Amino acid sequence: KMVGPGRPEIVLFGSSVVQMSFNVGGWGAILSDLYARKADFKLRGYSGWNSRMALEILHKLFPKDAVVKPSLVIVYFGGNDATNPHPSGLGSHVPLHEYVENMRKIILHLKSLSDSTHVICMSTPPVNEAQILKVFGSGFEDQARKNENCRVYAEALVDLCKELGVEGINLYTALQQRREDWAEVSFIDGMHLSAEGSKAVVREILKVIKGADWKPSLYWLEMEPEFPEGSPYYVVAPDGKSTVNVSPHVCSWQKEWVDI
């Protein structure tokens, strides 16, 4: 059962980049704050997962007979898939062609949930290879995360999104284009996003949502807050005769996201 009136539901679905997105300064936390009183966020992030594992539970997370269907699903898988294959055959690596087909199945299933369910796919971002080595040592060298692999998997996902008519965000290029010192400031350990890296992700997501021809719009500044009515119980205005309706208020820390 839902709490109160039904709000649009936005689901974040992916691996550790999603699971950790509600950390302090994380991109999921920023989005949830911007959409307060407007949409409900559901975090479905699974650290260490690849696209194979996502497929195994896809119908459990997103059943077609669910009463409430998400308005938007933001999907991220690829970083683990793009790691070098381990000699044992174990590990998270998924060959590129299989990764693309896995993502195709995920996207098509999500699109089939309802006519009002929208999908945004985010590609694997770049990595700071030197920082990964510094943080994790040489223990994962045979399953290394390499920027060249990230680029190839990112481009393949974006091409797939174009083919299927869904929104795709190339985080590999977005992070590098944001600022020259991206490698030093975008990660906490060389691969997981810092607060600065998360800001780049938020900006790309908001640009997509603002520009999408979705009816009704899911852009935060175009959505009406829940219970928007004025009330005599709000803080009294300077004129002493009325009150200030704070329901549409944009907080000072949110103002950097107004001009997208």
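What follows is a short talk about helix packing and backbone geometry.

Mentor: This is a predicted model, where local features need pLDDT of at least 70, side-chain atom pairs count only at pLDDT 80 or more, and totals for chains, interfaces and linings use all residues. Residues are numbered from 1 along each chain as its sequence is written, and side-chain values use heavy atoms, with hydrogens and water left out.

Trainee: At what angle do helix H3 and helix H4 pack?
Mentor: Helices are DSSP runs of H or I with at least four residues, and strands are runs of E with at least two, numbered from the N terminus. Axes are lines fitted to C-alpha atoms, for helices over the stretch in contact, and angles run from 0 to 180 degrees between N-to-C directions. Here H3 (residues 51–61) and H4 (residues 96–111) pack at about 25°, their axes 9 Å apart. So H3 is roughly parallel to H4 (angles under 35 degrees count as roughly parallel, over 145 as roughly antiparallel, 65 to 115 as roughly perpendicular, the rest as oblique).

Trainee: Which residues make the contact?
Mentor: Contact means heavy atoms within 4.5 Å. Leu55 and Leu58 are among those from H3, and Met103 and Ile106 among those from H4.

Trainee: What about the backbone?
Mentor: Most residues other than glycine have a negative phi, and most peptide bonds are trans. Arginine 37 has a positive phi, near 70°, and sits in the loop between helix H2 (27–34) and strand S2 (40–45). The peptide bond from lysine 215 to proline 216 is cis, with omega near 0°; proline 216 lies in the segment after helix H9 (195–211).
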